Amino acid sequence: MEEVERVKAEALQIMGVFSVLPKLVVLDLDYTIWPFYCECRSKRDTPYLFPDSRGILHALKHEKIDAAIASKSPTPDIATTYLHKLGIRSMFVAEEIFYSWTHKTDHFQKIHARTGIPYNSMLFFDDDNNNIRGISEIGVTSILVRNGLNLEAFRDGLAKFSQKGNASKKNKQKRPK
Ligand SMILES: [Mg+2]
C-alpha cells in the first residue's frame with residue numbers, strides 16, 4: 001500500500017506541473033494496466049496490475065479527472081471479473097470492452113456518447129501502435145506504452161496533452177472577434 005501512496009504522490013506532483021489537464025484518461029487493459037492477455041487466463045486466477053497503475057488511478061481520482069476503459073479483449077467477462085477482483089471497477093466512468101475490427105474508434109464513439117467529453121479533452125494510453133494511430137486521427141492525444149502505464153508514460157502523456165492544449169488556446173486568441 002505504501003508503494004501505491006508513493007506513486008500517487010509522484011503522479012500528483014507531475015500533474016501539478018501542467019497548466020492544461022485532460023478531462024478524461026482512457027486506458028487499454030492488456031499490456032497497459034496489467035501485464036498479460038486476460039483471454040489466456042482463467043477467471044479463477046488472481047490478477048495483478050503493472051506496478052504504477054493503481055497509484056496513477058488514485059491520483060486521477062484525487063484530481064477529479066475521470067478514467068475510462070477501451071479494450072478489444074475478446075473475453076470481457078474475464079476482464080470485468082479481474083477489474084472487480086482488483087477493486088478498481090468503480091473507478092471508471094465508462095467501460096467499453098468488446099472485440100472490434102476498428103482501431104478502437106467505435107469504443108471512443110461510445111465513450112464520448114456516454115460522457116459527453118470531447119475527443120480533444122481525452123488522453124489515451126495503449127500498447128498497440130495501430131490503436132494509437134487510429135485514435136490520434138480523431139483528435140485524442142494518444143500515447144504508446146512499452147512497459148505498461150507507468151509514471152514516465154503518464155508524464156509524457158500529460159506533456160503532449162498540455163502542448164496541444166496550449167497550441168489550441170493560442171490559436172483561439174489569434175482569431176479576430
Ligand atoms: Mg493492449
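**Exercises on a predicted model**

In helix H2, the buried residues are Ser53, Arg54, Gly55, Ile56, Leu57, Ala59 and Leu60. Residue numbers start at 1 in each chain and follow its sequence as written. The model is predicted, so local features need pLDDT of at least 70 and side-chain atom pairs count only at pLDDT 80 or more, while totals for chains, interfaces and linings use all residues.

**Exercise 1.** Work out why helix H2 is largely enclosed by the rest of the structure.

*Solution.* Begin with the terms. Helices (H or I, at least four residues) and strands (E, at least two) are DSSP runs, numbered from the N terminus. A residue is buried if 20 or more other C-beta atoms lie within 10 Å of its own, exposed if 12 or fewer, and partly exposed in between, with C-beta atoms placed from the backbone. Now look at residues 53-62: seven of the ten are buried, so H2 is largely enclosed. Just after H2, you will find Lys64 with a positive phi of about 60°.

**Exercise 2.** Describe how helix H1 meets H2.

*Solution.* First take the axes, which are lines fitted to C-alpha atoms over the stretch in contact, with angles from 0 to 180 degrees between N-to-C directions. The axes of H1 (residues 2-17) and H2 come within 7 Å and cross at roughly 50°. That makes H1 oblique to H2 (under 35 degrees is roughly parallel, over 145 roughly antiparallel, 65 to 115 roughly perpendicular, and the rest oblique). Next, find the residues in contact (C-beta atoms, placed from the backbone, within 7 Å): among them are Val4, Val7 and Leu12 of H1 and Ile56, Ala59 and His62 of H2.

**Exercise 3.** Find the strand order of the open sheet and its edges.

*Solution.* Strands pair if DSSP finds at least two bridges between them. The five strands run in the order E3-E2-E1-E4-E5, with parallel pairing. E3 (94-97) and E5 (141-144) each have a single partner strand, so one side of each lacks a neighbour in the sheet. Further in, four bridges join E1 (residues 24-27) to E4 (residues 122-126), and Leu27 stands opposite Phe125 in E4.

Note on methods: Contact = placed C-beta atoms within 7 Å.
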